[in-house]
Amino acid sequence: MRGEPFSCGARRAIVASAARRRVPSGHDAERAAVLKLRALLLLASLLVACGERAADTPPAAARLAFDGARAFADLEALVRIGPRPAGSEGAARARELIRERLRQAGWPVEDHAFTAQPLGSAPVPMVNLIARHAGASAERLILITHYDTKLIPGVEFVGANDGASGTAVLLELARVFAAEPLPLTTELVFADGEEAFGPNITEHDGLYGSTALAERMQADGSLAQVRSVILVDMVGDRDLNLVSDLGSSPLLRGIFARAAASVGHGAIVDERALMAVVDDHTPFQRRGVEHVLALIDFQFGARVSPGPLWHTARDDLSAVSAASLNAVGMALVEAVRAIEEHWRIADGTGAQGD
Ligand SMILES: [Zn+2]
């Protein structure tokens with residue numbers, strides 16, 4: 001990705017408001033537990049009396065939890081392949097792994113093959129993988145990441161964070177949502193060629209896969225069905241702090257912040273890390289998709305942008321953690337549900353009243 005730090009002049013000193021919580025005494029705690037049990041019993045009896053669940057809530061059995069350890073196992077498997085730059089044998093092996101995991105989860109996968117033409121070099125064959133979960137509506141939600149790693153001469157660059165972390169999170173989302181009825185048709189896009197062949201992503205270098213897909217969708221008319229695009233990239237940093245992307249939709253930023261807080265991980269969004277993120281969501285945004293959300297930690301290894309580990313040999317297993325994947329994954333699961341519900345109501349589409 002390319003990030004432009006937001007220069008806002010005076011840097012605000014953020015004082016973390018120490019939330020004061022009263023620690024209950026033993027007696028208080030016991031009474032609270034009894035009250036909670038009574039409330040639960042009352043709720044259970046009401047549910048039995050009603051004899052039905054709320055119309056909008058899928059049955060609990062269909063709602064699975066995000067498993068950061070399982071996601072981390074996929075991250076490790078990708079890293080074991082070694083470097084995975086576009087057009088390489090490593091990239092082909094990464095695709096095999098992604099296809100196999102999606103097959104196990106039960107998602108159909110489409111290969112979107114195209115040829116990129118980087119300036120001043122030979123054409124490079126590339127392949128996006130698109131997994132699709134049919135929803136009640138044809139309106140779409142896209143979650144996009146990249147599986148390629150940057151080709152850095154002289155460096156065995158394995159991209160544990162930059163390439164593998166987003167891929168691993170999307171693969172785990174595939175498992176979580178496999179059996180869950182979703183209002184929108186939901187696509188997981190594993191983009192090729194996010195990385196530039198030159199030093200940095202520019203107007204003409206990098207974002208090859210997402211650009212090719214957005215162009216194809218514009219040409220066939222399906223882009224008009226896209227309600228939201230969520231970017232997931234570099235989310236494995238042990239010290240996870242997601243940027244506050246100035247180009248992301250306030251609606252989606254708000255939903256994600258609330259979702260993260262609801263699962264106890266509100267602190268992963270860093271309100272001081274203001275950026276204008278250019279990444280795989282950008283080609284969709286430039287073609288008119290208003291509601292995009294960039295989830296990326298662009299302070300890799302220290303709280304400066306882009307961080308000392310970015311695009312270095314030290315982007316390896318020692319720099320990432322299952323806990324970070326778990327935090328962002330848990331928040332994403334709730335955010336996806338909330339975003340889909342938002343569009344179901346706003347569009348008047350979906351499985352209302354079932
Ligand atoms: Zn990169």
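**Entry 1: helix α5.** I began with what the buried residues of α5 pack against: I found β2, β3, β4, β5 and α7 (282–286). The model is predicted, and I keep that in mind throughout. Next I listed the buried residues of α5 themselves. They are Tyr208, Gly209, Ser210, Thr211, Ala212, Leu213, Ala214 and Met217.

**Entry 2: length check.** How far apart are the end C-alpha atoms of α5? I worked from 1.5 Å a residue, so the 13 residues of α5 should span 18 Å. The end C-alpha atoms are 18 Å apart, which agrees. Just after α5, I noted Gly221, with a positive phi of about 90°.

**Entry 3: the sheet.** I then traced the sheet. It is open, has 6 strands and runs in the order β2-β3-β5-β4-β6-β9, with mixed pairing. Which strands stand at the edges? They are β2 (109–116) and β9 (292–296). Each has a single partner strand, so one side of each is left without a neighbour in the sheet. From one strand to the next, the twist averages 20°.

Entry 4: I picked β3 (residues 124–133) and β5 (residues 184–191). They pair in the antiparallel sense over 5 bridges.

**Entry 5: His146.** I moved on to His146, which is found in strand β4. Is His146 buried or exposed? I counted 33 other C-beta atoms within 10 Å, and 20 or more are needed to call a residue buried. His146 is therefore buried. Leaving out residues up to four places away in sequence, His146 touches Gly163, Gly166, Ala191, Glu194, Gly209, Asp233 and Asp280. Gly209 is also among the buried residues of α5. I checked Asp192 too: 46 residues separate it from His146 in sequence, yet the two are 5.8 Å apart in space, C-alpha to C-alpha.

**Entry 6: the whole protein.** Last, I stepped back. I recorded 8 helices and 9 strands in the protein. Of its 354 residues, 44% are buried. Among contacts with a separation of 6 or more, 80% are between residues 24 or more positions apart.

Technical notes
Residues are numbered from 1 along each chain as its sequence is written. This is a predicted model: local features need pLDDT of at least 70, side-chain atom pairs count only at pLDDT 80 or more; totals for chains, interfaces and linings use all residues. Helices (H or I, at least four residues) and strands (E, at least two) are DSSP runs, numbered from the N terminus. A residue is buried if 20 or more other C-beta atoms lie within 10 Å of its own, exposed if 12 or fewer, and partly exposed in between; C-beta atoms are placed from the backbone. Two residues are in contact if their C-beta atoms, placed from the backbone, lie within 7 Å. Two strands pair if DSSP finds at least two bridges between them. Axes are lines fitted to C-alpha atoms, for helices over the stretch in contact, and angles run from 0 to 180 degrees between N-to-C directions. The expected span of a helix is 1.5 Å times one less than its number of residues.
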